[in-house]
4 protein chains.
Amino acid sequence: MPLPTPLSGVVPPLCTPLTAAGDVDTRALASLVDHLLTAGAHAVFALGTSGEAAFLSDDQRRTAVRATVDAVAGRVPVLAGVIDMTTARVLDHARAARSLGVDGLVATAPFYTRPRPAETAAHFRRLRDDAGLPLIAYDIPSAVHSKLDAATLLALAADGTLAGLKDSSGDGGALRRLLVALRARGLGDTFSVLTGSELTVDAALLAGAHGVVPGLGNVDPAGYVRLYEHARAGRWPEAAAEQDRLAALFALTEAGGGASPVGCFKAALRLLGVIDCPATAPPQVPLPDEAVASVRGLLAEGGLLR
Amino acid sequence: MPLPTPLSGVVPPLCTPLTAAGDVDTRALASLVDHLLTAGAHAVFALGTSGEAAFLSDDQRRTAVRATVDAVAGRVPVLAGVIDMTTARVLDHARAARSLGVDGLVATAPFYTRPRPAETAAHFRRLRDDAGLPLIAYDIPSAVHSKLDAATLLALAADGTLAGLKDSSGDGGALRRLLVALRARGLGDTFSVLTGSELTVDAALLAGAHGVVPGLGNVDPAGYVRLYEHARAGRWPEAAAEQDRLAALFALTEAGGGASPVGCFKAALRLLGVIDCPATAPPQVPLPDEAVASVRGLLAEGGLLR
Amino acid sequence: MPLPTPLSGVVPPLCTPLTAAGDVDTRALASLVDHLLTAGAHAVFALGTSGEAAFLSDDQRRTAVRATVDAVAGRVPVLAGVIDMTTARVLDHARAARSLGVDGLVATAPFYTRPRPAETAAHFRRLRDDAGLPLIAYDIPSAVHSKLDAATLLALAADGTLAGLKDSSGDGGALRRLLVALRARGLGDTFSVLTGSELTVDAALLAGAHGVVPGLGNVDPAGYVRLYEHARAGRWPEAAAEQDRLAALFALTEAGGGASPVGCFKAALRLLGVIDCPATAPPQVPLPDEAVASVRGLLAEGGLLR
Amino acid sequence: MPLPTPLSGVVPPLCTPLTAAGDVDTRALASLVDHLLTAGAHAVFALGTSGEAAFLSDDQRRTAVRATVDAVAGRVPVLAGVIDMTTARVLDHARAARSLGVDGLVATAPFYTRPRPAETAAHFRRLRDDAGLPLIAYDIPSAVHSKLDAATLLALAADGTLAGLKDSSGDGGALRRLLVALRARGLGDTFSVLTGSELTVDAALLAGAHGVVPGLGNVDPAGYVRLYEHARAGRWPEAAAEQDRLAALFALTEAGGGASPVGCFKAALRLLGVIDCPATAPPQVPLPDEAVASVRGLLAEGGLLR
């Protein structure tokens, strides 16, 4: 299905369930998709950071996208991440994803080397031209080590290269200024701004963002949908209260003691009965038992588990 | 006057006007105080980063505090910054400020060396014990190069060492989690949380912060007061619209082309007729003429100048 | 040919010449290999950062490795970089490189996500077990955004996982402590330490490093070979004088005005008649004409061009 | 005594011994000075980072400088640090130090705010004009959070503002390029370059640096003097061997488990019988007993204690 203009709402970045043997668990992925869509998610985003895209082989990436498209079955749009260090490789991922029927792509700036803005712009333009699908820029300096600057984003929004932005920079001031600048250029209703900062979603929506891509939304999609619906209806205190509850629940990302949040999300999803196996891709080490106990406690406090 | 519990509202960090000869211009400082209080500021904060505390001699600091206390004349509470690299020096500044009649102190963690959390806590405790005034911690990693961690803040809030926090970290997620944790400990109505991020004030207030310390509030205090009043009354769309206008005005901080925002604030204050001389303390270089022209243009766009 | 124990000497990280159409120029690559081996290089390293590994497709990587192995024709050992964000992908590159006949592999820690030391160690162990070739760890925090810590390196050296280290961290103090610790464990003559800091090669060799992987060695391999031979013979003032000359020549990496050094190296190689076309892989932008003129001037000053 | 041109040799940054009550222990300071001068130190530097300048009151600073000048009694030149966040305050420290008879000053760029190069240059020029003493720039980005750039340093060297540089940046490549550039401008024999990187002193001297300011030189001044004399005589392998021994000894800076190295230096000095009391200035926390035991073990391993 075509991506709405602008893409709005709750767009969880799907975890990629794995079997104990390390294969993509397509059955569990379907279960996760149902968990999210039943809760009201407005789209799904496969192969983001929460999807362990950084750890999967090309085959595993393709399997995950195919299984997502199959499980979603046209109910909502499907975005696919095409995260890689090389423009050439990003193009490969994009072609694969398009052939599997996704509705839009999500790409970062090149990384490993530090691109200049002109190189980043060329990267996105090349990708848009080649792939022929709506393209969302993914600003995640914690992984990519450069920030997409406002001037580049505004130019790529104005010329139609980009359909939107997933902002995981954590820089709320820059996000605010970008939103104001987009509206001043008449792009406020066409260029989709999605926050990846799951702790300040009410703030981003109040500032005019169109939606959220919350890693924690794998675990509690209904919470984020409620938050979004409150905001859309102008019930800001209720949105803030929901965000407060989710901010407390977010402590589960630290249960692993320095481990990546993804292992904690997967432990939570198993405790909730959504997936069978909490394995993460190598070389990530498994969550220790006491971490799983902490996750269980936080799910109970957050009202998700009795 | 005693600091309210919790300190709330708009608390501009006063610029310190200087004469062309480099002395603190007490007459202009009084004019600036009137500019802020007429607009409805709820307190003032002398000798913050916007007050060029980092550039003033001890004598100049004392002159600025005395002139601020005199000009305020009990109309609102007066906070004084006691920013220095050394606990011993911070104690000196604190004693001077107390003897000049301020109502509360604002202090950073030690800097130059990188303190451990236990050392930062000892620093604040020593300062609170010695100075006998309400103490607000100033979290500004861009200047101090360490972030106040939540555990330390919660401990110092719980034992009464700190009366509040001025958060200039720009980390909205951490701020949200701190606010949630303070309320969970019953400290939500006594420990004052003030944001220093002038571009996301609506967000901070929606999250439960009590007020804002906006450098840009030197230039447009009425805008921040309107924003605060809208938020307090639950008029969130109006608060967001006011924030949007201020976000556009914030571009004036970049008019100097890499120079510190303070020179731009002072240029604006002269254009508005509040102060006579836009000089900043050495070794800062003056704003070039074209930068002043840009500031003028932005004031006009923001509706502050015809 | 088997890798010497320890690998020593000058090991240039080969540029990957491209045609104007963007293909790997195998003829120019052979010319570059001859340029380096004629100058006395002790081994070559394909697909490092200077080899634009971050910009090449899998096919291009394979073509570059095959052409390097063919051009070297057993005269010196060939190392191949297997730089990728994913352990799974690194394994793919390693298998391809092994089947093409390389003598050793060079791998970074995983990147994009921030690995913990245990994960990095697991990554290298898995790679060593699977590939069955000598493995050199590549410490390049500017690209990978984590530093290989001494404890992990010492453990992986002691158990035979790693045959050596290419240190591009720029941290001379840490390198010194590592060298001292390796010798204290009896690993000083078996574990190869190669510096990637082309401005302090005399220092690294004096400290006990075994060799150097100098990007600038593409342009002036004879200079680095002289430096190395001086050092090996204990002619330290002559080594330092050669390093000084190379340090002045290094200014050509900045000729591009913020562009990556690789474009400058390629411009120099064309001016020297080693390659035909200075193209770099997209999305990198070409060197402007005035930058090429600067490169020419620096080559002349350095005595490489009349 | 006038500062030699260029200042050369081993210039330990004096620890500032304190009594248990927290006062500057002038008797212990005299003992430390004797410990250093007996070992052959070529000058001393009071109130550097190792001297806890960041923690001392103005009175304590003055006491420390006076006691140092008295203890040295003209045997070697005395440098005094004038480290502060404010140009105005640095000027105050400089006047005090001059009146106490020091032979040269050591100053950082302004900090807390981030100065632009033109502001840093103005800062040093103002200081040189006002103080009338030879001025050494202190490049320590870990504390000051900006790096002195080569262009600024070369300009200030050429116009006589600066007599030298203490480089604690850890950037050996930049240091090499600066040394080459100074010599190219005919400043190699007049502008003093001292490294503060105590683990790579042999390298810095081989590259043409004139001396070293080693914190660890408080503990083992004779080692650094031997290293320097070996280097001056061209005995590079012997210099490297001495550096290796000192690199192993440097582990004592980590004995405190994250604490600042100064506490470890002071513990070592007490174990060596040079000072009576290892107290550091508040809010630093004391070294735990097990850390002192580690320091003792490392002193024994390094041959300084039986």
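Predicted model: local features only at pLDDT ≥ 70, side-chain atom pairs only at ≥ 80, totals over all residues.
**Entry 1. Chains A and C**

I then asked which residues of chain A lose the most area to chain C. They are Y112(A), R116(A) and P283(A), which together account for 24% of what the chain A side buries. For the extent of the contact, I noted 41 residues from chain A and 41 residues from chain C.

Next I looked up the charged pairs. The rule finds two salt bridges across the interface of chain A and chain C. I located one of R89(A) with D58(C), where the side chains meet at 3.9 Å, N to O. Polar contacts were looked up as well, and seven residue pairs, both partners at pLDDT 80 or more, are found across the interface of chain A and chain C.

I then asked which helices of chain A each supply at least two residues of the side that touches chain C. I recorded α2 (58-72), α3 (87-99), α4 (117-131) and α5 (141-144). Of the chain A elements, α4(A) gives the most to this side, with five residues. Sorted by class, the side of chain A that touches chain C holds 20 nonpolar, 13 polar and eight charged residues.

**Entry 2. Chains D and B**

I turned to chain D and chain B and went through the corresponding items. The area buried between these chains is about 3100 Å², with carbon and sulfur atoms giving 64% of it. The contact draws 41 residues from chain D and 41 residues from chain B. On the chain D side, I noted that Y112(D), R116(D) and P283(D) supply 24% of the area buried against chain B, more than any other three residues.

How many salt bridges does the rule find across the interface of chain D and chain B? I recorded two. One of R89(D) with D58(B) is formed between the side chains at 3.9 Å, N to O. The count of residue pairs in polar contact between chain D and chain B is seven, with both residues at pLDDT 80 or more.

For the secondary structure of this side, I listed α2 (58-72), α3 (87-99), α4 (117-131) and α5 (141-144) of chain D, each of which supplies at least two residues of the side that touches chain B. Here α4(D) gives the most, with five residues. The side of chain D that touches chain B divides into 20 nonpolar, 13 polar and eight charged residues.

I next examined helix α10 (residues 236-249) of chain A against helix α7 (residues 172-184) of chain B. They pack at an angle of about 90°, and their axes are 9 Å apart. I therefore describe α10(A) and α7(B) as roughly perpendicular to each other. From α10(A), the contact is made by A240(A), Q243(A), D244(A), A247(A) and A248(A). From α7(B), I noted R176(B), R177(B), V180(B) and R183(B). By class, the residues of this helix contact are four nonpolar, one polar and four charged.

**Entry 3. Chain pairs without contact**

I also looked up two further pairs of chains. Chain B and chain C do not touch, and their nearest C-alpha atoms are 18 Å apart. Chain A and chain D do not touch either, and their nearest C-alpha atoms are 18 Å apart.

**Entry 4. Local points in chain B**

I placed S169(B) in the loop between β6 (164-167) and α7 of chain B. Which side chain does that of S169(B) meet in a polar contact? It is the side chain of D167(B), at 2.7 Å. Leaving aside residues up to four places away in sequence, I found S169(B) touching D139(B), P141(B) and K147(B).

I then searched for cis peptide bonds. One joins T5(B) and P6(B), with omega about -10°, and P6(B) sits in the segment before β1 (9-10) of chain B. Another cis peptide bond joins P282(B) and P283(B), with omega about 10°. I found P283(B) in the loop between α11 (261-271) and α12 (289-301) of chain B.

**Entry 5. A backbone angle in chain D**

Last, I checked A73(D). Its phi is near 50°, a positive value in a residue other than glycine. I placed A73(D) in the loop between α2 and β3 (78-81) of chain D.

Note on methods
Residues numbered from 1 in each chain as written. Chains lettered and ligands numbered in written order. Heavy atoms only, no water. Contact = heavy atoms within 4.5 Å. Buried area = accessible area lost by both parts, 1.4 Å probe. Salt bridge = Lys/Arg side-chain N within 4 Å of Asp/Glu carboxyl O. Polar contact = N/O pair within 3.5 Å; in protein donor to acceptor, adjacent residues only side chain to side chain. Helix = DSSP H or I, 4+ residues; strand = E, 2+ residues; numbered from the N terminus. Nonpolar A, V, L, I, M, F, W, Y, C, P; charged D, E, K, R; others polar. Axes fitted to C-alpha atoms, helices over the stretch in contact; angles between N-to-C directions. Parallel < 35°, antiparallel > 145°, perpendicular 65-115°, else oblique.
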